[in-house]
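Here is a short briefing to read with the model open beside you. Take a moment with the fold, then follow the points below.

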Amino acid sequence: MAQTLTSLLVHVIFSTKDRVDMITPAVEPRLHAYFGGIARKQQSRLLDAGGTANHIHLLISQSKNISLSDLMEALKRSSSKWMKEQGDEFSRFQWQDGYGAFSIGASQIPQVKS
């Protein structure tokens, strides 16, 4: 039986629109968990999440069944909508238009997580 094995590890970074500080300490852990749920729905796995009040770093094990652009569209679209539902102070929340994405090897996971 034929088998396909992949290891697609990607470190992605994107910021809030105009780098406005909108990711508060109160919402940050829930936002990270939400990213994990979106990744799972896209057959991918969130390995780590971090960032600051105006940008996000995600370490993702990407599924072979989805393109990076489709994965990023799902992550940013769904999380933006979710953020707007978290209270009046987030009603104007937006992500920047682009993102940075960098492939890494398994040996680099500890460095990216720190």
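L46 stands opposite I60 in β3, a strand in a predicted model where local features need pLDDT of at least 70, side-chain atom pairs count only at pLDDT 80 or more, and totals for chains, interfaces and linings use all residues. Residues are numbered from 1 along each chain as its sequence is written, and side-chain values use heavy atoms, with hydrogens and water left out. Helices (H or I, at least four residues) and strands (E, at least two) are DSSP runs, numbered from the N terminus. The chain has three helices and four strands, and from the N terminus on its elements run β-α-β-β-α-β-α. The radius of gyration is 14 Å, close to the 13 Å of the globule rule for 114 residues, so the chain is as compact as a globular protein of that length; the radius is taken over C-alpha atoms, and the rule is 2.2 Å times the number of residues to the power 0.38.

**The sheet**

- The four strands form an open sheet with antiparallel pairing, in the order β2-β3-β1-β4; two strands pair if DSSP finds at least two bridges between them.
- At the edges stand β2 (45-51) and β4 (100-104), each with a single partner strand, so one side of each is left without a neighbour in the sheet.
- On average, neighbouring strands are turned by 20° against each other, direction ignored.
- Helix α1 (residues 28-41) packs on this sheet, where it touches β1 (8-15), β2 and β3, and its direction makes about 155° with that of β2. Axes here are lines fitted to C-alpha atoms, for helices over the stretch in contact, and angles run from 0 to 180 degrees between N-to-C directions; contact means heavy atoms within 4.5 Å.

**Strand β3 and its partners**

- Which strands pair with β3, and over how many bridges? On one side, β2 pairs with β3 (residues 55-62) in the antiparallel sense over six bridges; β1 also pairs with β3 in the antiparallel sense, over eight bridges.
- A hairpin through three residues joins β2 to β3.
- For I13, the bridge partner in β3 is H57.
- β3 is mostly covered, with seven of its eight residues buried; buried means under 20% relative accessible area, exposed over 50%, and partly exposed in between (1.4 Å probe, protein chains only).
- S61 has its place in strand β3 and counts as buried at 19% relative accessibility.
- Leaving aside residues up to four places away in sequence, S61 touches L8, L9, S44, R45 and L47.

**Aromatic pairs**

- How many aromatic pairs does the structure hold? There are five; rings of Phe, Tyr and Trp (its six-membered ring) pair if their centres lie within 6.5 Å, and planes under 30 degrees apart count as stacked, over 60 as edge-to-face and the rest as tilted.
- F14 and F35 make an edge-to-face pair, 6.0 Å centre to centre with 80° between the planes.
- F14 lies in strand β1 and F35 in helix α1, so this pair ties together parts that are 21 residues apart in sequence.
- Are F14 and F35 buried or exposed? F14 is buried, with a relative accessible area of 1%, and F35 counts as buried at 0%.
- The ring centres of F93 and W95 are 4.8 Å apart with planes at 90°, so this pair is edge-to-face.
- F93 counts as buried at 0% relative accessibility, and W95 does so at 6%.
- Ring pairs link F14, F35, F93 and W95 into a cluster.

**The chain as a whole**

- Along its principal axes, the C-alpha trace spans about 55 × 25 × 20 Å.
- Of the 114 residues in the chain, 39% are buried.
- Among contacts between residues at least 6 apart in sequence, 69% join residues at least 24 apart.
- The accessible surface comes to about 6800 Å², and 48% of this surface belongs to carbon and sulfur atoms; the areas come from the Shrake-Rupley method with a 1.4 Å probe, and for residues, only the protein chains shown count as cover.
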